[in-house]
Amino acid sequence: MITIELAEQTDIRSISNMAHIIWPDAYGEILSKDQIDFMLEKSYTIEGLAEGMVGGQFFYILKEDGIGQGFVALKTLADKLRIEKLYLMPNVQGKGFGKALIDFAIEKAKVKGKDILELNVNRNNPAYHFYLKQGFQVTETVDIPYYDYSLNDYVMQLAIDRTASS
């Protein structure tokens, strides 16, 4: 059984531990080891995650039988809901958990009265194809300067039908 629960401060270590397993697997063939290490240090340490939690991102942990298997971070903007992070442990990919997190984000967007769900994905990340299957469309191609690196992303959006029930 899977559950998706709002992360508390006490869940930060679990999210950090997951990120340190997920990132090298997800980005090992896309980004340099230096960039992966930098991104983990910048965003996925205990301090970095705590900062993100108070900075307007709401983290949710996906658990299977009580064990954290992934997480999503959502941020509400004036006109849309953004998925800031969405990651699954390598051993559970392909089990429908990513779709469960997308469906969860769609429901949160509906509750918040938002018509658009948005995210960025690295242009070389295989997850791009997953997002296309979920109905997301590329709205912009961006190269975002980030310290000594460049984030080469697609901005993708999904139109939310708030009249449809799920």
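Helices here are DSSP runs of H or I with at least four residues, strands are runs of E with at least two, and both are numbered from the N terminus. This is a predicted model, in which local features need pLDDT of at least 70 and side-chain atom pairs count only at pLDDT 80 or more, while totals for chains, interfaces and linings use all residues. Residues are numbered from 1 along each chain as its sequence is written, and side-chain values use heavy atoms, with hydrogens and water left out.

Buried in α1 are I12, I15, S16, M18, A19, I22, W23 and Y27, and they pack against α2, α3, β2, β3, β4 and β5 (116–122).

In soluble globular proteins, nonpolar side chains tend to be buried together. A nonpolar core is a set of buried Ala, Val, Leu, Ile, Met, Phe, Trp, Tyr and Cys residues joined through side-chain atoms within 4.5 Å. The largest one here has 48 residues, and those touching the most other members are I15, W23, F71, I83, L117 and F136. Leaving aside neighbours within four places in sequence, I15 is in contact with A7, L49, M53, F59, I61 and F71.

W23 opens the next topic, the aromatic rings. The structure holds 15 aromatic pairs. Rings of Phe, Tyr and Trp (its six-membered ring) pair if their centres lie within 6.5 Å; planes under 30 degrees apart count as stacked, over 60 as edge-to-face and the rest as tilted. The W23 and Y27 rings have centres 4.3 Å apart and planes at 40 degrees, so this pair is tilted. Both residues sit in helix α1, four residues apart, about one turn of the helix, and both W23 and Y27 are buried. In the pair of Y44 and Y87, the centres are 6.3 Å apart and the planes are at 85 degrees, so the rings are edge-to-face. This pair links distant parts of the chain, 43 residues apart: Y44 is in the loop between α2 and α3, and Y87 is in strand β4 (residues 81–88). Y44 counts as buried at 2% relative accessibility, and Y87 does too, at 12%. Ring pairs link W23, Y27, Y44, F71 and Y87 into a cluster.

Let's return to α2, where K42 is found. With a relative accessible area of 36%, K42 is partly exposed. Apart from neighbours within four places in sequence, K42 is in contact with G48, Y146 and Y147. Its side chain makes a polar contact with the side chain of Y147 (2.8 Å). A polar contact is a pair of N or O atoms within 3.5 Å; within protein, one must be able to donate a hydrogen and the other to accept it, and residues adjacent in sequence count only if both atoms are side-chain atoms.

What about the backbone of Y147? Most residues other than glycine have a negative phi. Y147 is not a glycine, yet its phi is positive, about 55 degrees. This residue lies in the loop between β6 (137–146) and β7 (149–159), and is exposed, with a relative accessible area of 53%. D65 is also not a glycine and has a positive phi of about 50 degrees. D65 lies in the loop between β2 and β3 (67–76) and is exposed at 58% relative accessible area.

How values were computed: Buried < 20%, exposed > 50% of the residue type's maximum accessible area, 1.4 Å probe, protein only. Contact = heavy atoms within 4.5 Å.
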